[in-house]
Amino acid sequence: AQGAPHQRKDCPKGEVIQGIIKTQGLQGKNLVVIGDGPVEIEIGKEVGALTLGIASDEVKQAGINPEKYHRLKAAGADYIAGDFSDLDAFKTLLKL
């Protein structure tokens, strides 16, 4: 499987995030960017968003894939999870 291109110029994700900020009158601090690849995390960090990396282990169908974890961590993810099963942790992270 192929994810987003490594060259962000070729990736419209940045444009989508900028469009949300502009059309909704938001600032980056008002956003949470969730992604399973470093491109989304890097773009989120650039705009000042809270970033949540999803490092699913598709083979085991549970837990965190260590390789994905390290890529997301290197991209600057504020929080990394294997999936969305720990809703209490997400609520705490989002201060809900």
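Mentor: Contact means heavy atoms within 4.5 Å. Helices (DSSP runs of H or I, at least four residues) and strands (E, at least two) are numbered from the N terminus. This is a predicted model: local features need pLDDT of at least 70, side-chain atom pairs count only at pLDDT 80 or more, and totals for chains, interfaces and linings use all residues. Residues are numbered from 1 along each chain as its sequence is written, and side-chain values use heavy atoms, leaving out hydrogens and water.

Trainee: What do the buried residues of helix 3 pack against?

Mentor: Strand 1 (32–35), helix 2 (38–46), strand 2 (50–54) and strand 3 (79–81). The buried residues (under 20% relative accessible area, 1.4 Å probe, protein chains only) of helix 3 (residues 66–75) are Lys68, Leu72 and Ala75.

Trainee: How do you know that they line one face of the helix?

Mentor: Look down the axis of helix 3. Its buried residues fall within an arc of 55°, so they line one face. The arc is that of the directions from the helix axis to the C-beta atoms.

Trainee: What makes the face turned away from the buried side exposed?

Mentor: Exposed means over 50% relative accessible area. Pro66, Glu67, His70 and Ala74 on that face are exposed.

Trainee: Which residue caps the N-terminal end of helix 3, and how do you know?

Mentor: Asn65. A side-chain oxygen of Asn65 lies 2.9 Å from the backbone nitrogen of Glu67.

Trainee: What follows helix 3?

Mentor: Gly76, with a positive phi near 105°.

Trainee: Which residues of helix 1 meet helix 2?

Mentor: Lys13, Gly14 and Ile17 meet Val39, Glu40 and Ile43.

Key
A polar contact is a pair of N or O atoms within 3.5 Å; within protein, one must be able to donate a hydrogen and the other to accept it, and residues adjacent in sequence count only if both atoms are side-chain atoms.
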